[in-house]
Amino acid sequence: MLIATIPVVVLMSVRIFRDVEAREARMWSDLERTARATAQSVERELGSSIDALAILGRTTLLSGEDTRAFEQALRTGPRLRPNWSGIFLADARGKLLFDSMVSPGGDAAASGPSLREVPEILRLRTDSAPMVSGLVRQGNGNRYATAVAVPLVDKGVLRYVIGAWVDIAPWQDLLQKSVPPDGGFLTLVDRERRILARTRFQDHFVGRTLPAGLIGQAEAGQARVVREDPGGIEPVYHAWQVVPTSGWTVLVGVPAAPLDTAMRQALVTTIGGALLCVVLGLYFAFLAARHLVGPLGRLAAGNPPRYDGYIAVREVATLREALNAAHERDVQARLRLQATANEFETLFNSSPTGLAFAHDPQCREVTCNPAMDRLFGVKGGVAPRVEVLHQGLPLDVKLHPLRRAAASGAPVPPMELEIVVEGGRRRHALAQAVPLLDARGEPRGAIAAYVDITDRVYSDAQLVSANRRLRESQHLVDLAQEAGHVGYFHYHFAAKALNWTQGQASLFGLDSEASVPRARTFRYWGRRIERRDRQRLEQTLRRVFAGGQEKETVEYRVVLPDGAIRWLSTRVLVLYGPDRRPDQMIGVTVDMTEEKRAQSERARLAALERAARLEAEAASKAKDEFLAMLGHELRNPLSAIAAAIEVLERVPGDDDIAANARSIVARQTRHLARMMDDLLDVGRVIAGKVLLVRRPIDLGVLARRVAATLDVTGEARGHSLRLELGQQAWVDADATRLEQVITNLVTNAIKYTPPGSELTLSVAGEGDEAVLRVRDNGPGIPASLLPHIFDLFVQGERTPDRRAGGLGIGLTLARRLVELHGGRVSVNSSADGTVFEVRLPAIEAPANEPQPAVSDRPSRRHLVLVEDNEDALSGLRAALELDGHSVLAACDGPSGLKAVLETRPDAAIVDIGLPGMTGLELARRSRAAGYTGLMIALSGYGREPDVERALACGFDHHLVKPVDALALQRLLAEA
């Protein structure tokens with residue numbers, strides 16, 4: 001019974017202890033796995049910040065961006081990364097250029113963390129590796145932050161250090177997301193073992209330093225799991241993992257009490273059971289045969305199990321022999337396995353082929369030999385950024401041979417890969433992988449082999465390139481000798497590959513694009529050719545290919561990037577394959593721009609010469625016609641005026657004949673004045689020197705005013721002028737200029753309409769336009785003349801009585817003035833009459849704006865008239881006195897100034913050209929002496945600069961000689 005009891009007790013005790021140890025080992029493994037996963041998360045987060053800072057610095061600062069503009073963009077723009085609380089920039093000497101945590105002019109100590117608390121920043125001046133700081137106090141409070149900084153190196157020289165402030169809140173969130181073990185917690189500490197974040201009691205622990213004992217065990221590497229007994233807080237077990245980039249440490253802790261309690265319970269249970277079994281077994285032990293217990297005890301204690309004494313029990317003896325044989329087999333198997341492992345390890349480490357062994361289907365743990373590390377640029381256990389290409393395109397990580405074989409359980413056949421290591425050259429490798437299967441046939445890992453074929457690929461490429469250049473160079477040299485060594489190209493039809501010389505690229509304006517892959521296609525080059533020439537070039541090449549022609553020369557234009565046009569001439573040589581299809585095309589191109597330009601210039605000069613000759617002939621003819629017409633038009637009113645004056649000299653002044661003569665003089669004088677005004681105005685309009693004084697005005701009021709003026713002057717005599725004024729039509733316009741337009745249109749209709757005819761002047765509003773129409777029932781305008789009716793100096797056929805006289809500028813002036821107001825004028829003519837239509841943009845009627853009224857007779861004024869021409873002085877003085885004004889006359893500048901200052905008249909009418917003192921100087925001195933009355937300038941010059949100069953000297957208005965009596969009356973009435 002004792003023999004049966006003791007093994008049971010022993011096995012039970014061993015089983016209990018092993019279960020406890022297994023639970024403890026699983027807990028240690030879970031703690032270490034959690035610490036390792038959390039450390040990887042911290043490493044990825046730091047790496048993302050470092051990559052973002054490096055990209056931000058290279059794309060802005062190293063590309064020429066101004067640091068002030070960069071700072072302004074960071075301060076006003078959105079936050080670049082959610083976990084960044086601020087960005088700072090320092091120069092190569094470590095001087096802070098700006099910190100977005102500190103407002104301009106603000107207190108850095110109160111606003112955020114300071115670089116003075118980050119001594120690691122100075123290391124970046126000599127070390128080009130990124131920097132991650134420890135815990136930094138933020139401002140004057142109890143908030144903390146960490147710093148991540150990256151050096152910006154340009155051509156081997158440190159230019160700037162750019163960094164970001166990371167608040168501890170993101171690290172706290174990261175620990176919370178890492179899912180600590182049940183009842184446990186996670187802690188993140190910096191290089192100085194200060195706590196950065198903690199999932200439990202973070203407010204109590206953040207900023208504190210780990211206990212010295214725990215730090216010592218962790219730094220000495222004594223254990224991956226250590227026990228901490230902080231005073232006043234329950235003991236905990238810690239597993240720790242170092243973050244490589246920053247030197248920070250991730251600690252995973254669980255309370256020690258539950259584990260210790262389980263150990264104690266297991267120990268008490270084991271001891272109690274053992275004591276009970278021993279007590280019971282001792283009673284029966286003496287009854288058992290020593291021959292059975294002794295040998296079994298010796299066999300159980302031996303390692304290897306050896307007992308050379310006599311064994312009475314046959315089963316025990318057989319057991320001894322079996323144990324001895326099994327031990328010998330186990331020793332031999334271990335020796336063979338160790339030898340195989342040593343051989344595999346030697347082969348694995350010394351093989352020139354890159355080998356990688358995945359220990360699990362997800363490839364979370366991979367072992368690589370030195371050849372594989374060299375192929376992927378791994379140095380000191382640090383792996384750089386690597387991009388793997390297959391057939392020129394990036395290969396997804398899931399499609400890498402090792403991952404494919406481990407995940408699918410199927411072998412991956414050899415495939416050629418291109419490995420691009422950051423900071424290193426491109427390498428080519430032939431990779432394949434086979435899966436490792438477990439007993440159930442499921443994949444448990446994989447082995448991949450990478451053979452470096454870089455030298456072979458480069459050698460093959462160089463050999464192919466050399467052979468191709470050797471074959472092509474002979475053809476290119478021949479064509480270069482024929483065409484003058486300007487630029488040449490070579491095109492393969494099957495591969496659609498285009499090669500060219502630098503001269504050819506320059507001719508097409510591709511100096512900056514020659515290295516772009518898409519520029520190495522014939523279609524891309526064809527888009528540079530002008531569209532019409534491209535079609536003609538394609539047709540020529542199709543004809544050459546269809547006929548099997550070997551050589552051809554084509555000329556075409558290309559559009560350069562700056563929009564310039566360049567003429568090129570290309571001589572091509574076409575090589576055909578056995579099937580008589582085009583195989584290659586070699587060409588040489590010559591720049592013909594200067595030659596074409598010279599041809600165009602010669603043609604242009606010839607055309608200009610012909611056009612100038614025709615224009616000179618037309619101008620000479622127009623000049624002769626205009627002078628003849630001007631002479632005739634001036635003779636008519638002058639003849640009428642001379643005849644009227646002769647009549648006035650022969651008859652009494654109160655006779656009806658004298659009154660008619662005076663009417664003739666007045667009418668012809670106004671005709672001469674209007675003719676001169678039109679000549680001056682049309683010149684100013686054509687030169688673009690007319691200044692419009694716009695204000696809201698009713699177009700119907702202007703039409704009524706023109707009709708009244710024509711009735712007073714007698715110009716509409718013999719015609720019936722009917723007004724059709726419907727609703728108000730308001731426009732924003734210069735009233736004087738629009739009145740001039742209406743007058744010209746109506747007088748034109750009067751000229752070309754027989755006496756007794758009816759004329760209609762209508763105004764209406766149509767939509768968003770104000771429309772004015774002048775309709776007559778004359779013979780109409782000839783169809784040949786209608787398209788040119790608004791051209792300068794164009795007139796209809798004159799009647800024998802010369803009543804339709806004029807200079808041919810009234811309609812031209814009317815059209816230009818209407819266009820200046822943003823409107824348009826048109827004409828419609830038939831045998832029933834002619835209609836001129838003016839359309840102007842309409843506006844809303846102003847609220848209660850009174851219309852200016854002109855009294856029939858001005859009130860009496862005291863005037864000073866200064867004029868050096870005696871006849872003009874006498875005539876104008878008489879006219880003013882007839883209107884009831886008292887006039888004091890002066891014939892020179894000094895006497896006129898004296899009269900103005902002594903009498904202080906209501907208005908002063910002053911000629912500009914005076915002896916002794918000009919009218920301009922008189923106006924300046926009068927205004928300087930305090931004279932505030934109305935001053936009107938008289939001048940034979942009516943250009944815009946003349947008017948502006950008079951107004952600048954102090955005049956209120958400017959009138960052109962001969963003076964319009966009605967205009968002068970209106971001005972005096974407003975005085």
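Trainee: How do β28 and β30 pair, and over how many bridges?
Mentor: In this predicted model, strand β28 (residues 769-776) and strand β30 (residues 833-841) pair in the antiparallel sense over 8 bridges, where two strands pair if DSSP finds at least two bridges between them, and strands are DSSP runs of E with at least two residues, while helices are runs of H or I with at least four, each numbered from the N terminus.

Trainee: Which residue is the bridge partner of Val-771?
Mentor: The partner of Val-771 is Arg-839, in β30.

Trainee: What sheet do they sit in, and which strands stand at the edges?
Mentor: An open sheet of 5 strands runs in the order β25-β27-β28-β30-β29, with mixed pairing. At its edges stand β25 (720-725) and β29 (824-830), each with a single partner strand, so one side of each is left without a neighbour in the sheet.

Trainee: New topic: how do α22 and α23 cross?
Mentor: The axes of helix α22 (residues 893-903) and helix α23 (residues 919-928) come within 10 Å and cross at roughly 25°, the axes being lines fitted to C-alpha atoms, for helices over the stretch in contact, with angles from 0 to 180 degrees between N-to-C directions. That makes α22 roughly parallel to α23, a label for angles under 35 degrees, whereas over 145 is roughly antiparallel, 65 to 115 roughly perpendicular and the rest oblique.

Trainee: Which residues meet there?
Mentor: Gly-893, Gly-896, Leu-897, Val-900 and Leu-901 in α22 meet Leu-922, Arg-925 and Ser-926 in α23, with contact meaning heavy atoms within 4.5 Å.

Trainee: What should I remember about numbering and cut-offs?
Mentor: Residues are numbered from 1 along each chain as its sequence is written. Local features need pLDDT of at least 70 and side-chain atom pairs count only at pLDDT 80 or more, while totals for chains, interfaces and linings use all residues, and side-chain values use heavy atoms, leaving out hydrogens and water.
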